[in-house]
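Take a walk through this structure with the sequence at hand.

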Amino acid sequence: MSLSTARSFLSEAGYGEQELDANSALMELDKGLRSCKLGEQCEAVVLFPKLFQKYPFPILINSAFLKLADIFRLGNNFLRLCVLKVTQQSEKHLEKILNVDEFVKRVFSVIHSNDPVARAITLRMLGSLASIIPERKNAHHSIRQSLDSHDNVEVEAAIFAAASFSSQSKDFAAGICNKISEMIQGLDTPVDLKLKLIPMLQYMHHDATLASRSRELLQELVSSYPSTPMVIVTLHTFTQLATSSLIEIPKQIQLLLQYLKDDPRKAVKRLAVQDLKLLAKKAPHMWTKKNIQTLCECALSTPYNSLKLGMVSVLSTLSGTIAIKQYFSPAAGESSPAPHLTDLVKLAQECCYHSNLAVAAHGITVLANIAISCPEKDFVQLEQDTVLGMESLLLLCSQDSSASAQATLKTALASLVRMLKGRPHLSQSCVEFLLAQLHYACDAARILICHALAAIATQLPVLGESMLGDLVELYRSAGNTSSEKQQELLVSLATVVFVASQSSLGAEVKTVIRQQLEASANGWTVYRIARQASRMGCHELSSELYQSLRTRVASEHFYFWLNSLMEFSQAERCLSGLEDGDYSGAMGAITEALKSYQKGFASLTAASTPLSPLAFQCEFIKLRMDTLQALAQLICTCNSLKTSPPPAIATSIALTSGNELQRCGRISLQMKLSMDEFRSLAGRYADLYQSSFDADSATLRNVELQQQSCLLISYVIEALILEPQTASFQDFGTLGSVQAESKYERRMMGVFNLVLEEVESLSRKHPPVSYLHTGCLCDAVIALLKVPLSFQRYFFQKLQSTSIKLALSPSPRTPNEPIPVQNNQHLTLKVEGVVQHGSTPGLFRKIQSVCLNVSSTLQAKSGPDFKIPLDTKTNEIEQRVEPHNDYFSTQFLLNFSILGSHNVTVEASVVDDSGVEWKTGPKSVVTVKSLEDPYSQQLRHQLQQQQAGAQAALRNVSNRFQ
């Protein structure tokens with residue numbers, strides 16, 4: 001295998017290759033490092049980051065970095081520069097170097113070179129390693145010496161290294177602070193070097209004394225060196241030091257506001273605005289009413305649009321935080337001023353109609369945040385002003401296709417959606433305005449308006465059937481071009497149409513959509529519209545669209561995927577025509593739906609691949625099928641009261657046994673089984689929820705609703721039939737108080753509340769079990785089935801990808817070989833793991849810690865007593881570890897005192913930043929064979945020999961007397 005082979009191996013996207021492959025790639029890269037050609041050596045060096053990404057475990061990373069250290073020690077400056085870049089790219093893997101001393105020793109030897117460039121590269125290398133060697137005194141000494149060098153390249157490298165070590169080491173920062181102060185204040189230090197030295201002071205935050213000394217020095221520099229570059233660098237360092245030390249943030253806000261107000265230089269004002277925005281994000285709770293008032297006065301008085309934009313953006317950031325409440329809350333003994341009289345509201349209202357669109361967008365954001373955050377009774381006029389300002393800005397931007405106008409439109413629409421969520425009484429008029437704007441807006445603006453309409457309509461049911469006609473006409477006139485904007489517009493308009501249709505889509509609407517798609521849409525657009533139809537419950541249209549797409553794909557996996565989606569849509573379509581009270585029709589519809597689901601599940605299994613196993617989709621469909629089967633069984637059980645009524649002696653049996661349910665006959669036992677089945681399904685939905693760490697919140701809420709529907713049915717069975725006296729409805733009392741986030745959720749919550757009301761009224765009037773009770777159960781089943789199932793985003797698209805890869809040591813040399821351990825010793829099991837992310841890590845939730853559970857089970861017992869005890873678990877340990885740079889490691893001490901074969905299972909789960917545990921896996925299993933220690937074995941053999949000798953002597957004696 002050549003270097004090109006290693007390159008092709010490392011360029012593969014998948015994870016999970018065997019260790020042998022990784023070692024082979026490392027050997028090939030090592031061959032490249034030992035090549036006589038400089039080009040091959042450099043190529044091998046730059047391939048190392050891919051190797052680390054491919055196999056991020058310490059054993060390989062340690063070997064690789066030692067090889068790189070040899071290249072750094074023996075190679076030329078260009079190779080050293082390549083190694084430096086690799087080290088900086090692989091910063092998160094540095095702590096996995098096991099032989100840190102040896103690695104640093106090889107790198108540090110170059111610091112004694114006569115070549116200043118080699119010394120400079122070495123200093124930058126040491127600075128890049130500061131996180132793992134923060135307290136190395138020889139590195140500290142070399143950096144101090146190099147700061148006095150006459151070579152500019154070496155001095156700049158020393159400054160970089162000093163900054164890196166200062167951020168990591170308190171001792172180094174305290175020791176270098178005086179040196180840096182002398183150099184900055186020294187007359188022989190050039191100004192450009194001072195400008196590079198000053199930013200080092202931002203790292204002097206390890207204790208209050210050091211931070212105070214640095215702040216005094218910076219204060220002196222601001223007054224002593226009033227030149228623009230010096231003031232800009234010093235002020236920014238001031239801000240960075242304040243954000244790190246936290247105690248000086250109020251003073252820093254005052255200082256920046258003072259420069260913003262009094263300094264005439266535009267560059268200094270711009271820097272002050274940038275740093276104020278940083279402090280507004282970092283510590284909004286430290287902004288006082290006086291600070292915000294000063295900023296408002298500066299913004300009202302400045303003649304420069306660029307500075308006004310910066311100041312209003314700071315206020316926009318503050319308006320979404322607690323600072324806005326502090327601004328409007330009156331001080332002790334004072335009355336709160338009218339909102340429209342405050343400078344903040346005046347500024348925001350003025351900005352709403354500003355000629356600069358970006359300023360206007362921030363003004364709208366400030367007004368919307370004020371309207372959301374503050375008490376409604378005091379801000380009625382402000383709400384109207386906000387809506388008028390938004391409408392004027394939307395009217396202006398919707399007909400302008402420039403990038404700045406579209407960015408402003410997006411900001412204004414986001415503020416509108418946020419405000420309507422907090423002020424729902426304004427939604428109807430705003431939605432009518434947006435619908436009117438759709439007729440006149442350009443295509444890019446139409447897309448954004450459609451997104452806003454869909455977002456508003458998912459929160460509140462404001463899009464009715466009366467608005468559907470306008471939307472269909474818009475869809476008909478959407479255009480026939482195949483441009484990217486036009487395709488996006490087709491998807492966005494279709495989404496709004498699906499949301500607006502309260503029940504199923506009409507024939508005219510489907511015809512218009514179908515004709516428009518046939519005329520101008522490409523395959524991807526058709527798929528996206530079908531996907532949206534599946535999410536909104538329009539399964540009749542989605543099944544037709546999936547069917548038209550099946551033969552337009554190039555892969556059989558895609559064909560099976562589309563075929564499965566078509567079958568699922570057809571299955572849900574079978575359930576859409578259910579009628580209240582038609583129980584036999586419901587049975588037939590469920591049977592047809594199950595047939596389609598079985599076909600779709602077979603296609604879904606065929607569509608899965610090792611890289612895309614479709615685990616969530618398969619489990620979700622399995623649960624849906626089992627739920628439909630359980631609902632059908634429940635209807636059959638209810639019908640059995642008619643087909644198999646209680647026997648004549650049922651009453652006497654009930655009196656004899658003391659169980660009132662016996663008077664109902666066999667239906668009581670069947671209902672008990674049905675209730676257990678629904679509780680089991682609810683538990684499986686809970687397991688699916690816990691395993692879906694990467695799912696978006698809408699998908700998780702959908703799974704939760706399916707679980708609640710199963711719990712509801714089991715609860716209704718219990719309340720109506722099994723235990724009506726003890727059943728309580730308090731557990732479901734909070735259903736109506738939860739704000740629904742989607743159309744599907746609103747419909748499901750409506751069904752839940754309706755069923756609970758009917759059950760509660762029936763259970764009070766009639767004793768169980770009568771036809772009224774079974775009829776109520778069947779009506780509840782049909783009511784749930786009539787709500788079209790929503791296939792949420794995670795079923796189609798995975799926006800966040802998180803996986804954990806475990807490595808256990810000791811590990812067997814071959815997969816089936818057990819690890820030997822003596823029964824009088826403990827086994828130390830080391831568990832290492834790497835958290836692997838997709839392109840958008842932490843989009844929905846982040847990993848706070850990893851929970852590792854290790855358990856061992858006795859599989860086979862050796863020795864004369866081969867019976868396995870009832871409690872076969874010999875170890876059960878759990879530990880939580882926090883990953884650092886996506887790597888974690890811990891050890892477990894396991895006891896195997898019972899001789900035999902044990903299966904050791906290591907299972908990982910993650911805990912997110914909210915403290916919720918998710919059962920993500922993976923699970924690794926190793927076999928351990930517990931052997932008898934030699935000393936015990938020798939004693940046992942001796943004892944056996946003695947017993948055998950005693951028995952032989954006893955036999956000889958008995959033979960002699962016979």
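The second largest pocket is lined by 38 residues. Nearest its centre lie Thr458, Arg535, Ala698, Gln792 and Arg793. A pocket here is an open set of points on a 1 Å grid over the protein atoms alone, where a 1.4 Å probe fits and protein lies on both sides within 12 Å along at least five of seven lines. Lining residues have an atom within 4 Å of a point. This is a predicted model: local features need pLDDT of at least 70, side-chain atom pairs count only at pLDDT 80 or more, and totals for chains, interfaces and linings use all residues. Residues are numbered from 1 along each chain as its sequence is written, and side-chain values use heavy atoms, with hydrogens and water left out.

Helices that give two or more residues to this lining include H23 (403–422), H25 (443–459) and H29 (523–536). H36 supplies the largest share, seven residues. Helices are DSSP runs of H or I with at least four residues, strands are runs of E with at least two, and both are numbered from the N terminus. By class, the lining has 12 nonpolar, 13 polar and 13 charged residues. Asp, Glu, Lys and Arg count as charged; Ala, Val, Leu, Ile, Met, Phe, Trp, Tyr, Cys and Pro count as nonpolar; the others, Gly among them, are polar.

Now turn to helix H8, residues 116–128. Asp115 caps the N-terminal end of H8. One of its side-chain oxygens lies 3.1 Å from the backbone nitrogen of Val117.

Next, find Arg624 in helix H33 (615–643). Arg624 is buried, with a relative accessible area of 7%. Its side chain makes a polar contact with the side chain of Glu572 at 3.0 Å. A polar contact is a pair of N or O atoms within 3.5 Å; within protein, one must be able to donate a hydrogen and the other to accept it, and residues adjacent in sequence count only if both atoms are side-chain atoms. Leaving out residues up to four places away in sequence, Arg624 also touches others, including Tyr597, Tyr685 and Gln706 (contact means heavy atoms within 4.5 Å).

Finally, step back. The chain has 40 helices and nine strands. Buried residues make up 50% of its 962 residues.

Methods: Expected span 1.5 Å × (residues − 1). Buried < 20%, exposed > 50% of the residue type's maximum accessible area, 1.4 Å probe, protein only.
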